[in-house]
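Dear colleague,

Please find below the structure that I am handing over to you. My findings follow directly after it.

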Amino acid sequence: MLVIRLQRTGRRNQSSFRIVLAEKSAPIKGKFLEVLGSYSPRLKEKNVNGERVQYWLGKGAQASATVHNILVGENVIQAPKVKSWAPKKKKTAEK
């Protein structure tokens with residue numbers, strides 16, 4: 001299954017991300033099929049190749065939750081944003 005997800009690049013404390021198309025089972029920093037855009041949270045820049053994203057979504061690729069929200073924010077797709085992050089639940093101590 002193909003997935004559109006973020007791949008981290010950049011130095012420590014200066015993160016930037018590529019929006020890539022990859023196999024779901026491929027490692028996060030590993031092999032990908034195509035670069036579809038970039039995202040820089042520090043500079044608040046988002047560059048997305050909307051035509052190629054639409055093409056791959058039409059072919060059955062799935063976008064990760066974060067990428068889905070980026071695509072909605074850039075008006076590449078028309079859908080509501082999804083919850084992409086949840087804090088870990090604290091374990092209660094049993095006596």
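Tyr-39 is partly exposed, because its relative accessibility is 21% and the buried class requires a value under 20%. Please note that the model is a predicted one.

Two aromatic pairs were found in a search of the whole structure. In one of them, the ring centres of Phe-17 and Tyr-39 lie 6.2 Å apart with the planes at 25°, so this pair is stacked. The pair connects distant parts of the chain, since Phe-17 belongs to strand 2 and Tyr-39 to strand 3, 22 residues apart. Tyr-55 and Trp-56 have ring centres 5.1 Å apart and planes at 80°, so their arrangement is edge-to-face. Tyr-55 is partly exposed at 37% relative accessibility, whereas Trp-56 is buried, with a relative accessible area of 16%.

The search of the whole structure also returned one salt bridge. It is formed by the side chains of Arg-52 and Glu-34, at 2.9 Å from N to O. Arg-52 lies in helix 1 and Glu-34 in strand 3 (residues 34-40), so that distant parts of the chain, 18 residues apart, are linked. Arg-52 is partly exposed, with a relative accessible area of 29%.

Leaving aside residues up to four places away in sequence, Ile-19 touches several residues, including Ile-4, Leu-36, Val-67 and Ile-70.

With kind regards

Methods
Residues are numbered from 1 along each chain as its sequence is written. This is a predicted model: local features need pLDDT of at least 70, side-chain atom pairs count only at pLDDT 80 or more; totals for chains, interfaces and linings use all residues. Side-chain values use heavy atoms; hydrogens and water are left out. Contact means heavy atoms within 4.5 Å. A salt bridge is a side-chain nitrogen of Lys or Arg within 4 Å of a carboxyl oxygen of Asp or Glu. Helices (H or I, at least four residues) and strands (E, at least two) are DSSP runs, numbered from the N terminus. Buried means under 20% relative accessible area, exposed over 50%, partly exposed in between (1.4 Å probe, protein chains only). Rings of Phe, Tyr and Trp (its six-membered ring) pair if their centres lie within 6.5 Å; planes under 30 degrees apart count as stacked, over 60 as edge-to-face and the rest as tilted.
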